[in-house]
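Here is a short briefing for a reader new to this structure. Begin with the sequence and the model below, then read the points by topic.

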Amino acid sequence: MIEIRPVSDLRYKFSEIEKQVQNGQPVYLTKNGYGAMVVMSIESYSRLVDPVERALDEADMAARTDDRRMGHKEVFDKLRSRHQDR
């Protein structure tokens with residue numbers, strides 16, 4: 001279930017939010033009724049961004065080692081095929 005709380009709960013109910021986040025559930029925070037931020041564990045955040053960072057690192061390496069220039073479509077097609085092979 002999605003957990004939505006006011007941002008003031010960070011101050012007054014931090015331990016409750018921390019417990020949910022440690023259980024792997026993100027907590028969505030609102031300010032004045034509008035979405036403001038998401039709190040999640042470092043592990044959840046890493047699972048989210050690590051594949052992107054790895055793909056960017058691969059693109060950097062490919063740019064340094066390939067003698068010819070490639071268009072963006074060719075680069076991303078190559079990265080996608082490497083990613084799908086895993």
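**The hairpin**

β2 and β3 form a hairpin with 2 residues between them. N32 sits in the turn and has a positive phi of about 55 degrees. Strands here are DSSP runs of E with at least two residues, while helices are runs of H or I with at least four residues, and both are numbered from the N terminus.

This is a predicted model, in which local features need pLDDT of at least 70, side-chain atom pairs count only at pLDDT 80 or more, and totals for chains, interfaces and linings use all residues. Residues are numbered from 1 along each chain as its sequence is written, and side-chain values use heavy atoms, with hydrogens and water left out.

**Strand pairing**

- Two strands pair if DSSP finds at least two bridges between them.
- Strand β2 covers residues 27–31. It runs antiparallel to β3, and 5 bridges join the two.
- L29 has M37 in β3 as its bridge partner.
- Y28 has V38 in β3 as its bridge partner.
- β1 and β2 pair in the parallel sense, over 4 bridges.
- P6 stands opposite T30 in β2.

**The sheet as a whole**

- The 3 strands make an open sheet in the order β1-β2-β3, and the pairing is mixed.
- β1 (3–6) and β3 (34–39) are the edge strands, and each pairs on one side only.
- From one strand to the next, the twist averages 35 degrees. Such angles run from 0 to 180 degrees between N-to-C directions, with axes fitted as lines to C-alpha atoms.

**Overall layout**

- The protein has 4 helices and 3 strands.
- Along the sequence, the pattern is β-α-α-β-β-α-α.

**Dimensions**

- The C-alpha trace spans about 55 × 25 × 20 Å along the principal axes of the protein.
- The radius of gyration is 19 Å, but a compact globule of 86 residues would have a value near 12 Å. The radius is taken over C-alpha atoms, and the globule rule is 2.2 Å times the number of residues to the power 0.38.

**Burial, surface and contacts**

- Of the 86 residues, 16% count as buried. Buried means under 20% relative accessible area, with a 1.4 Å probe and protein chains only.
- The accessible surface comes to about 7300 Å², and carbon and sulfur atoms hold 54% of it. The areas come from the Shrake-Rupley method with a 1.4 Å probe.
- Among contacts with a separation of 6 or more, 27% come from residues 24 or more positions apart. Contact means heavy atoms within 4.5 Å.

Key
Buried < 20%, exposed > 50% of the residue type's maximum accessible area, 1.4 Å probe, protein only.
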